Amino acid sequence: MKLMKEMVTQKGLKKIITFFQIFDELIENREYTILCESDYVPSTCCKKDLKLQAIYQYLFENYSEEVSINIIAQKMGMSESAFCHFLRKYNDCSFSQKLTQMRVNQACHYLSNTELSITHICYECGFKAFPILTKLLSK
């Protein structure tokens, strides 16, 4: 936690070094909690509502891409504001929070069940993390 707080104010190479120190601590730490069971299946909390199921299905099929509220609202035949209101009513969270939850759940699944690198998993799950780090890793 201390390193994460320090990283917020750091710049340049020092920030990247701290980032790797955090990963080193995570790798060395043997105390952990499983966040996602190995038989992960996307959840649909309201099976009666076909529109909500369609939204979840679309998000699950496209979470690795850039997902726009405008595009998904159009696909559901709703305005952006109606879509956001509809999703919040059934989820008690925003569109971006729901999308992030799906991405994190899928990342947990990949981490638990594959040997993919963290960088690869980030991209597979739609997280376009740390552009400067990506440039360094691709060299």
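Colleague: How many helices and how many strands does the secondary structure of the chain have?

Modeller: The chain has 8 helices and 0 strands. Helices (H or I, at least four residues) and strands (E, at least two) are DSSP runs, numbered from the N terminus. In order from the N terminus, the elements read α-α-α-α-α-α-α-α. Please note that this is a predicted model, in which local features need pLDDT of at least 70 and side-chain atom pairs count only at pLDDT 80 or more, while totals for chains, interfaces and linings use all residues. Residues are numbered from 1 along each chain as its sequence is written, and side-chain values use heavy atoms, with hydrogens and water left out.

Colleague: How is the packing of two helices described?

Modeller: Two packed helices are described by the angle between their axes and the distance between the axes. Axes are lines fitted to C-alpha atoms, for helices over the stretch in contact, and angles run from 0 to 180 degrees between N-to-C directions. Here, helix α1 (residues 2–9) packs on helix α2 (residues 12–28) at an angle of about 165°, and their axes are 9 Å apart. The two helices α1 and α2 are therefore roughly antiparallel; angles under 35 degrees count as roughly parallel, over 145 as roughly antiparallel, 65 to 115 as roughly perpendicular and the rest as oblique.

Colleague: Which residues in α1 and α2 meet?

Modeller: From α1, Leu 3, Met 4, Met 7 and Val 8 meet Lys 15, Thr 18, Phe 19, Gln 21, Ile 22 and Glu 25 of α2. Contact means heavy atoms within 4.5 Å. The residues of this contact comprise 6 nonpolar, 2 polar and 2 charged. Ala, Val, Leu, Ile, Met, Phe, Trp, Tyr, Cys and Pro count as nonpolar, Asp, Glu, Lys and Arg as charged, and the others, Gly among them, as polar.

Colleague: At what angle do the axes of α5 and α6 cross?

Modeller: The axes of helix α5 (residues 80–91) and helix α6 (residues 95–113) cross at roughly 60° and come within 9 Å. Helices α5 and α6 are therefore oblique to each other. Phe 83, Leu 87, Arg 88 and Asn 91 of α5 make the contact with Phe 95, Gln 97 and Lys 98 of α6.

Colleague: How many disulfides does a search of the whole structure find?

Modeller: A disulfide is a covalent bond between the sulfur atoms of two cysteines. The search of the whole structure finds 0 disulfides (pairs of cysteine sulfur atoms within 2.5 Å). For Cys 122, the nearest cysteine sulfur is that of Cys 125, 7.7 Å away.
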